[in-house]
Amino acid sequence: MKLAVFGCSWSYGTIQHQNVNQSEPNWVRSLARLRPDISVTNFSHSGTNLQFSAYLFEQFAQDFDYTVFQITGSSRLCFWPDQFDFEKHMIKFDNNLLQFDDLDPYIFSTNASAIADPEKKSYIFKAKTPDEIDFAHKYFKYMPLEILELEYQSIISKIHSKANLMFWHHGLEHHRSDILSINQILGNEQYHKYIKDSGLHFGQDGCEWQANYINEKYLK
Amino acid sequence: MASQLHKRKVSQMKLAVFGCSWSYGTNQQVDIEKSPPNWVRCLAKIRPDISITNFAFGGTSVQFSAFLFDKYAKEHDYTIFQITSPYRFTLWPEQFDFKEHMIKYEDNLTQLDNELYSDILNVSPAQIEIDPSWKLFFKHSRNVINFSKQYYKYMDSEYLWFEYNMFIEHITKQADLRFFHRIDPKWPLRDETYNTWCIQKILPAQQYQDYLLDDGDHFNQAGCEWQANYINDKYLQ
């Protein structure tokens, strides 16, 4: 069985190394450990937006037997070079797990709050050109929020009809209450116990719980 | 009694059109003699019993039409979505009140004011290549114009194609009637995939050519009248 996951850092972790001890926790990696009989490809990457995941889903989902789509937050911007060969940047992290290498040198990812926060900017925009940074500023200034929201909701509808499993990581999502929410399943108290940072990323125990939950409920 | 009820229903019918200049014309004036042809205006003339709101506007993107459709379609009994070309970029001010810019062109026809050109920015890759001086956009700030250039520079063209198809698939499918105006050799026609039809495919090649007014494939008065009659006879009886 070939399984693909699409999402952001909630499925990739903030940093990944082939040496799992140097990596931030990641539920997909926990799933790969739990299910050595499944070949897992993780198309998630930290900081990316819903458009990035949807675009990769459109390109690659048909190559897999089972697809999992983790919905990221709105108000994000991500762009990548024309004709970028994403497959070239997939590397083997475990025997049955392919994930992206660090894509940050090639793609530009940011969000509305990072743009507004001068302290975050220096970290997020390192190695980016002034013109790219200027574009990101103007994107959040000039793009009508209403169209970004409509695009966000349209992508969710489109992928929902195609992915085998779709879920929210965070929140009691008001857009589509019919979609699985990790936060809702766990309840606020347990959800917050699993969180290890201000980006709502799960620690190792949370990632293991999530891998087990998805495995038991959807992959048996 | 049944016929009276039918008449009442028909007289109250509210129809909305969404699209670009292929449904608006290149510009519009309240004085019809000064306006380039527009099939929606022709439809309003042949169907005075229908109240028509035309949300189409020249040069706009499929996102623009999709946004207006999402916002206003529910207020109408029948909706027509004319799908424009891909790779267009339209910007409008946040919280812009489009309804404030609708004016009465005929007794039964409301359309967007021609003056909207100074509030919204429409760009296509062809315009960027053709008009490096950007004199077409003199009313917009240099920053906004530069942003639209950056948009085409940084957004992956394959993603823009994906996004265009997504809007067609997920927004226009809610319309009662949707169609393309022309077959463009640069991209495959999506009618088979998305159950739409195309004016250029319906008309014999010579007749389509005879109806063209300019190199933007806008129809002349005869073409607009044919189109209004075709839609009226086939879908609005």
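Two residues are taken to be in contact if their C-beta atoms, placed from the backbone, lie within 7 Å. In this predicted model, 21 residues of chain A are in contact with 23 residues of chain B. Three helices of chain A, α3 (50-60), α6 (130-142) and α7 (145-160), each supply at least two residues of the side that touches chain B. The most comes from α7(A), with nine residues. By residue class, this side of chain A divides into 10 nonpolar, three polar and eight charged residues.

Chain A also holds an open sheet of seven strands with mixed pairing. The strand order is β5-β6-β2-β1-β3-β8-β9. At the edges stand β5 (90-94) and β9 (180-181) of chain A. Each has a single partner strand, so one side of each is left without a neighbour in the sheet. Within the sheet, β1 (residues 2-6) and β3 (residues 66-71) of chain A pair in the parallel sense over four bridges. F6(A) stands opposite F69(A) in β3(A).

Most residues other than glycine have a negative phi. S75(A) is not a glycine, yet has a positive phi of about 60°. S75(A) lies in the loop between β3 and β4 (76-79) of chain A. S75(A) counts as partly exposed because it has 15 C-beta neighbours inside 10 Å. In chain B, D217(B) has a positive phi near 60°. D217(B) is placed in the loop between α10 (205-210) and α11 (221-235) of chain B. With 19 C-beta neighbours inside 10 Å, D217(B) counts as partly exposed; a buried residue needs 20 or more.

Notes: Residues are numbered from 1 along each chain as its sequence is written. Chains are lettered from A and ligands numbered from 1 in the order in which they are written. This is a predicted model: local features need pLDDT of at least 70, side-chain atom pairs count only at pLDDT 80 or more; totals for chains, interfaces and linings use all residues. Ala, Val, Leu, Ile, Met, Phe, Trp, Tyr, Cys and Pro count as nonpolar, Asp, Glu, Lys and Arg as charged, and the others, Gly among them, as polar. Two strands pair if DSSP finds at least two bridges between them. A residue is buried if 20 or more other C-beta atoms lie within 10 Å of its own, exposed if 12 or fewer, and partly exposed in between; C-beta atoms are placed from the backbone.
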